[in-house]
Amino acid sequence: MDDELSTIHALDLCLCGLHQRHPGLTEAMGTCFCEAASVCFGRYHVSPTTMTVTANGRKSTRSLHWKAPDQRIRRSQGNKDDAVRDGAYAVALLMLEAQLRLVAIGRIETHTGADWVIAPPEVADATEDDLPNLDAPGVVRLEVSGTDRGGVQSRLTRKQKQLSAGGSSAGLAAIVGFQKALVLIEPMVNGAN
Amino acid sequence: MSYQESQRLIHQAEEAVREGDAKTARPLFLEAAIMQQRLVEALPPQRVKTRSAYGLSVASLYFKANELDESERYAHAILSGPEVEPVSAGQLRDLLARIWNTRHIKSLGAVPLGNPLTLIFRGGAVGSGIAPLETIDYGIQTTLNLVRRFEAFTRGLPFDPRARSGTGSMLRALASEPVTGSYRISIYITAPEQLQIDYEAMSVSPDSVIDSAMEFMDAAIINDSSGVESLVPDQDYRTTLIRLARNTIPDGHSVASVEWRRASHDREKDLMLSASCRKPLNALLKRNSPPRSENPDEPRLKPLVGVLRAVDLDERDLRLVTDDGGKTPLKADVKITDDVLEPLLNRRVRVMCRQEKRSPRLVIEEIDLASLPAPKAPPLRGSG
């Protein structure tokens with residue numbers, strides 16, 4: 001691990017090496033997402049950044065270490081909206097792992113983007129050739145949204161309604177606010193069609 | 001052939017999309033679609049959620065590969081299966097609507113570029129799928145004018161106060177399916193079909209035009225002056241865009257709120273506009289307008305309110321018909337551009353004017369929608 005990231009305490013988190021713990025990420029994807037997050041954080045913060053994380057109603061604080069992006073990374077992440085999207089994936093997956101012991105085992109493409117399939121690490125034993133098993137106990141769908149400066153709670157409420165609109169399928173919504181250094185993770189609201 | 005291999009292809013395709021290289025991206029998305037389709041078809045029947053979700057994924061990958069027929073066919077196949085998980089079913093239906101819209105635009109000899117901007121009107125006189133035509137027309141026109149002006153700015157065109165449409169692309173507004181309690185319209189940027197590849201390779205992508213317009217609005221409605229300035233350093237463009245942004249703000253009577261929703265490649269972005277956004281925009285405009293030197297020969301007058309009529313728009317000759325029936329001849333200052341002025345015609349406006357020494361006409365320095373006059377109480381019937 002780089003010198004910059006070598007003095008991380010046990011409770012701190014690091015935006016690096018996601019693919020090593022999340023089977024649903026290739027190394028290229030994981031690196032890309034972490035770089036995007038570093039560009040988004042770099043607009044407002046320095047490392048380590050104190051993050052407020054609320055997961056299933058429990059609030060906690062985490063110190064998040066990330067490597068300051070160089071000029072090349074900034075250029076490659078030049079599209080701000082794409083960087084917010086990809087950066088949010090990295091931060092959300094990291095927090096899900098840290099707070100709820102869930103890891104990404106796959107991705108579901110949609111016409112507007114992608115959702116994630118997450119599960120406890122012991123369930124994440126799909127073979128390389130098989131599709132992630134959404135029917136297995138403990139496996140849930142995750143929708144991630146990122147915001148650069150905007151409101152996080154209102155975005156979360158909208159996402160929850162989207163997930164619940166189709167029925168009672170289990171799912172999680174995660175919203176990452178970069179300027180506010182805030183992550184909200186909540187299950188979808190039960191019920192209404 | 002493996003799921004992991006399909007993920008690698010998707011990542012490569014997304015990198016190509018980020019670089020504006022649709023030609024490289026499409027075959028990669030197609031190969032990933034075919035791979036995932038084989039995996040889905042090999043699933044045992046009891047894996048309902050997995051089949052539904054990855055059926056959606058296959059259909060979406062075909063869509064991203066521009067294989068609309070395959071995407072539609074596959075979406076229908078999943079939806080007509082014995083059991084479909086509801087969240088995926090909803091997303092498959094959204095995908096089908098998107099395919100039909102894309103085909104419709106193609107039938108007009110154009111192709112959609114990027115993802116549409118959807119306007120959702122709520123409250124006031126807006127019902128469920130119905131709304132006063134002039135209200136919707138105003139909302140569409142003001143939004144189109146803002147996006148067109150942004151297109152001119154992002155393409156580096158010199159500022160032109162007489163600009164009436166973005167050059168080189170066609171903005172089309174298509175009515176979408178209503179959502180309960182609202183009315184919605186999708187605005188697509190389109191281009192002639194034969195020029196599609198050229199547009200997709202442009203350094204300023206159509207997606208980025210709408211994204212930039214939304215980012216500008218996001219900053220403007222919270223009076224973020226530094227944010228607005230960093231997005232649009234040119235003062236002429238900036239003040240005009242603030243005025244255009246203000247024009248899009250609902251009046252609170254005929255429409256309570258307008259939501260801007262943008263489903264981009266991998267995210268959804270939205271803004272909520274309501275009458276309360278007007279105040280920060282006014283403050284932003286005041287801060288961004290050049291200071292006016294007081295000229296005793298051209299005094300600034302009190303604001304006037306009335307319905308704006310056009311006499312000769314090419315000469316910028318206008319008339320204000322006040323509530324008492326009076327008619328005041330006006331001329332628009334050059335900084336009040338045509339795209340700001342046109343949607344306000346035949347509407348009740350509030351103008352700030354100055355009196356020019358050698359002209360009988362007052363010159364409009366600022367203009368905005370005015371609130372409707374309070375309705376007059378009906379006369380009481382006398383008894384006896």
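**Figure 1. Strands β9 and β10 of chain B pair in the antiparallel sense.** In this predicted model, 7 bridges join β9(B) to strand β10, which covers residues 362-369 of chain B. A hairpin of 6 residues links β9(B) to β10(B). One facing pair can be picked out: R350(B) stands opposite D368(B) in β10(B). When following either strand, keep a simple rule in mind. In a regular strand, side chains alternate between the two faces of the sheet.

**Figure 2. Strand β9 of chain B also pairs with β6.** Strand β6 spans residues 304-312 of chain B, and strand β9 spans residues 348-355. Their pairing is antiparallel and runs over 4 bridges. L304(B) stands opposite V351(B) in β9(B). G306(B) has V349(B) as its bridge partner in β9(B).

**Figure 3. Five strands of chain B close into a barrel.** In what order do the strands follow one another? The order is β6-β7-β8-β10-β9 in chain B. The pairing in this barrel is mixed. Neighbouring strands are turned by 55 degrees against each other on average, direction ignored.

**Figure 4. Helices α6 and α10 of chain B pack against each other.** Two packed helices are described by the angle between their axes and the distance between the axes. Helix α6 covers residues 133-154 of chain B, and helix α10 covers residues 235-247. They pack at an angle of about 160 degrees, with their axes 9 Å apart. Angles over 145 degrees count as roughly antiparallel, so α6(B) is roughly antiparallel to α10(B). The crossing of α6(B) past α10(B) is left-handed. On the α6(B) side, the contact is made by Y138(B), T142(B), N145(B), L146(B), R149(B), F150(B), A152(B) and F153(B). On the α10(B) side stand Y237(B), T240(B), L241(B), L244(B), A245(B) and N247(B). The residues of this contact divide into 9 nonpolar, 4 polar and 1 charged.

**Figure 5. Helices α4 and α5 of chain B form another packed pair.** Helix α4 takes in residues 68-79 of chain B, and helix α5 takes in residues 86-107. Their packing angle is about 150 degrees, and their axes lie 10 Å apart. With the cut-off at 145 degrees, α4(B) and α5(B) are therefore roughly antiparallel to each other. They cross in the left-handed sense. From α4(B), the contact residues include L68(B), D69(B), E72(B), A75(B) and L79(B). From α5(B), they include A89(B), L92(B), R93(B), L96(B), W100(B) and K106(B). The contact residues divide into 10 nonpolar, 3 polar and 5 charged.

Figure 6. Is S88(B) buried or exposed? S88(B) has a relative accessible area of 0%. Buried means under 20%, so S88(B) is buried.

**Figure 7. R141(A) sits in strand β6 of chain A.** This strand covers residues 140-147. R141(A) has a relative accessible area of 5%. That value is under the 20% cut-off, so R141(A) too is buried. R141(A) and W116(A) are 25 residues apart in sequence. In space, they are 5.7 Å apart, C-alpha to C-alpha.

**Figure 8. Eight strands of chain A form an open sheet.** The strand order is β1-β3-β2-β8-β7-β6-β5-β4, with mixed pairing. Which are the edge strands? They are β1 (13-14) and β4 (103-109) of chain A, and each pairs on one side only. Inside the order, strand β2 (residues 49-55) meets strand β8 (residues 182-187). These two run parallel, joined by 4 bridges. V53(A) stands opposite V183(A) in β8(A).

**Figure 9. Chain A has 4 helices and 8 strands.** Along the sequence, the pattern reads β-α-β-β-α-α-β-β-β-α-β-β. Of the 193 residues of chain A, 55% count as buried. Among contacts in chain A between residues at least 6 apart in sequence, 63% join residues at least 24 apart.

Note on methods
Residues are numbered from 1 along each chain as its sequence is written. Chains are lettered from A and ligands numbered from 1 in the order in which they are written. This is a predicted model: local features need pLDDT of at least 70, side-chain atom pairs count only at pLDDT 80 or more; totals for chains, interfaces and linings use all residues. Side-chain values use heavy atoms; hydrogens and water are left out. Axes are lines fitted to C-alpha atoms, for helices over the stretch in contact, and angles run from 0 to 180 degrees between N-to-C directions. Angles under 35 degrees count as roughly parallel, over 145 as roughly antiparallel, 65 to 115 as roughly perpendicular and the rest as oblique. A crossing is left-handed if the near helix is turned anticlockwise from the far one by less than a right angle, and right-handed if clockwise. Contact means heavy atoms within 4.5 Å. Ala, Val, Leu, Ile, Met, Phe, Trp, Tyr, Cys and Pro count as nonpolar, Asp, Glu, Lys and Arg as charged, and the others, Gly among them, as polar. Two strands pair if DSSP finds at least two bridges between them. Buried means under 20% relative accessible area, exposed over 50%, partly exposed in between (1.4 Å probe, protein chains only).
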